[in-house]
Amino acid sequence: MAVTPSTGKTHIRYCRFLVDGANLSGDMRTISSFGLSSDQADATGWSNSTRQWLNGWNTVLLDGLTAVFSNDAETTGPIDQGSHTELAALEDYNASVFIGIRAAPTIGNPTMSAVMTQNAYNVMGGGSDAVMVEASFMGAATSELSSNIWGVCLADGTALSATGSGGSVDNAAASTGGYIAFLHIPQTTGAIASNTWAFIIEHSANDSSWSTLASFTLDGSAINSERLEGSGTVNRYVRFTYTRTAGTARPWVSFIRKA
Amino acid sequence: MKTYTVLIECRNDKTGKAYKPGDTVAAGDFPADVIYNWLALEPPVLKVADKGADNGSNTIDG
């Protein structure tokens, strides 16, 4: 059944940040901006009364990240690895921000996801403050990066212990531009290696007859992330479905309909 | 009744039945508009089942 997500204003404390499956939300303090910006070309001519601009290339960015320094390592669980452990390497990440609306993120809430290259990482501190880290990211060059970065949450890190489906998200109509989906598998309680799951995304025209839209290869047995992209029609309703063979999982899923 | 061959895994929440590729579904297993949608999707979820082999004519010489 379709969820009825909360809407309206919210606070940064209700956001969650995951990179390559690592949930860094426990260390996070700020992200000054995340989204798209465009190069702009001045197309103003002499006879124009106001300046005119043309958009050029888009830039996907996630800037001004600050977090409390932590070098917690990956453990048996449920402790997530710390900010320094995950972000110290300048490399590409599947990065997702889940935006809760006056509460922790739930299915249907907005998300921003992209493949990003980390281009700065620094540690800082002073006075009576905790040691902090700061980082910035821009859209990666390792794949044909999409400007479609805004989506919805289909899984919100809720611990799973049985086969089932998450609530469906109603788009009000089908879309025809294809999709991008990100799955993050963070640490679970106990030995993550013994977890075995199958994760898929389903779509439906009537919220009761479902077909598989996308199948993830990750099975929940390691901290990791996966990005899928497909073309064509996505029916009105989408949901995340999980089949348990063993163990538990706390997946986060961001689903984007491409324009 | 028309039947369809499943190409992509699908399920009906109302009946609780799930179908894998290669399974056969009947026209009544899903609503008509869903079947229409699934035949037209790219890639399609269903295809019209083969009608079977032609056994030849059955004329009787009289």
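Predicted model: local features only at pLDDT ≥ 70, side-chain atom pairs only at ≥ 80, totals over all residues.
Local features require pLDDT of at least 70 and side-chain atom pairs pLDDT 80 or more, whereas totals for chains, interfaces and linings use all residues. Residues are numbered from 1 along each chain as its sequence is written.

**Figure 1. Overall fold of chain A.** Chain A contains one helix and 16 strands; these are DSSP runs, helices (H or I) of at least four residues and strands (E) of at least two, numbered from the N terminus. Of its 259 residues, 47% are buried, meaning under 20% relative accessible area with a 1.4 Å probe and protein chains only.

**Figure 2. The ring pair A:Tyr179 and A:Phe255.** Eleven aromatic pairs are counted over all chains; rings of Phe, Tyr and Trp (its six-membered ring) pair if their centres lie within 6.5 Å, and planes under 30 degrees apart count as stacked. A:Tyr179 and A:Phe255 are stacked, at 5.9 Å centre to centre and 15° between the planes. The pair links strand β11 (residues 179–185), which holds A:Tyr179, to strand β16 (residues 252–257), which holds A:Phe255, across 76 residues. A:Tyr179 is buried at a relative accessible area of 8%, and A:Phe255 is buried at 2%.

**Figure 3. The ring pair A:Phe199 and A:Phe240.** The ring centres of A:Phe199 and A:Phe240 lie 5.5 Å apart with the planes at 15°, so this pair is stacked. A:Phe199 belongs to strand β12 (residues 196–204) and A:Phe240 to strand β15 (residues 237–246), 41 residues apart. Both A:Phe199 and A:Phe240 are buried.

**Figure 4. An aromatic cluster in chain A.** A:Trp197, A:Phe199, A:Phe240 and A:Tyr242 are joined into a cluster by ring pairs.

How values were computed. Chains lettered and ligands numbered in written order. Heavy atoms only, no water. Buried < 20%, exposed > 50% of the residue type's maximum accessible area, 1.4 Å probe, protein only. Phe/Tyr/Trp six-rings, centres within 6.5 Å; stacked < 30°, edge-to-face > 60°.
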